[in-house]
Amino acid sequence: MKPSSFIILVLGALLTTFACSEEHEHVAPAIYPQDSVSMMMSYGVNTLISDSGVIKYRIVAEEWEVNQIKQPSKWIFEKGLFLEQFDLSMHVQSYIQCDTAYYYDQNRLWELRGRVRILTKNGLRFSSEELFWDERTHEIYSNKFSHLITRDKELQGNRFRSDERMTKYSVKMTKGHFDKGEIDKSPRDTMSKAQADSSRLRGRQPAMPKRVMTN
């Protein structure tokens, strides 16, 4: 499942849960359009969500606000957001966490802020202070310092671009290191014996020293 699909499924299921809860009539003063009042405000959200009878996801948020009056309208997780995905043994496969999150529902854009941390099912670890997730273009990007760690390399840079699965990505203005075994290999290590011999024959042979006779 794509990470974006995972987030939308989790949040959508949770929103449905709240929407289907028992209704209570409340009497309050009239609300005018200029009053920026949220249509939903939830506190202490910590919910497990199942798929086909199997628990697969967990969402944790201290506050979750859905505001359709503000322009643009958005979901607000002012005090942080944490999402987990489990395998069949309830081991964590992937997670996303940040200090603050906004979802602009009309633009289908996620904005994650402050200590953004991601672990994918492929073992990639990502950290930054911001991350945007555009569901329309299926692109993840950040214009702040980002740090990526995989099983065989580590990259750092100030411009990060990736697909939704975080399997194809680029980092600009980079610095980083790769597995030592890859760096230590010389070109001859990757040549066959015949190629190496041919390379030596084509190379310039050193001139033989000549004795110069003077009168």
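This is a predicted model: local features need pLDDT of at least 70, side-chain atom pairs count only at pLDDT 80 or more; totals for chains, interfaces and linings use all residues.
Let's begin with the largest nonpolar core, which has 28 residues. The members that touch the most others are F77, L81, L112, F126, L131 and F160. Which strands supply at least two residues each to this core? They are β1 (40-51), β2 (54-67), β3 (74-77), β4 (81-86), β5 (92-98), β6 (100-104), β7 (109-119) and β8 (125-134). Another core, of six residues, lies apart from this one, and Y102, Y104, L109 and F132 are among its members.

Now look at F160. Beyond its neighbours within four places in sequence, F160 is in contact with several residues, including F126, L131, I140, Y141, M166 and V171.

Next come the aromatic rings. A pair of such rings is described by the distance of the centres and the angle of the planes. The model has ten aromatic pairs. In one of them, F77 and W110 are stacked, 6.4 Å centre to centre with 25° between the planes. Because F77 sits in strand β3 and W110 in strand β7, this pair ties together parts that are 33 residues apart in sequence. Both residues, F77 and W110, are buried, and they belong to one aromatic cluster together with W64, W75 and Y103. The rings of F132 and Y141 have centres 5.3 Å apart and planes at 15°, so they are stacked too. F132 and Y141 are both buried.

Finally, find K70 in the loop between β2 and β3. K70 and S38 are 32 residues apart in sequence, with their C-alpha atoms 8.7 Å apart in space.

Notes. Residues are numbered from 1 along each chain as its sequence is written. Side-chain values use heavy atoms; hydrogens and water are left out. A nonpolar core is a set of buried Ala, Val, Leu, Ile, Met, Phe, Trp, Tyr and Cys residues joined through side-chain atoms within 4.5 Å. Buried means under 20% relative accessible area, exposed over 50%, partly exposed in between (1.4 Å probe, protein chains only). Helices (H or I, at least four residues) and strands (E, at least two) are DSSP runs, numbered from the N terminus. Contact means heavy atoms within 4.5 Å. Rings of Phe, Tyr and Trp (its six-membered ring) pair if their centres lie within 6.5 Å; planes under 30 degrees apart count as stacked, over 60 as edge-to-face and the rest as tilted.
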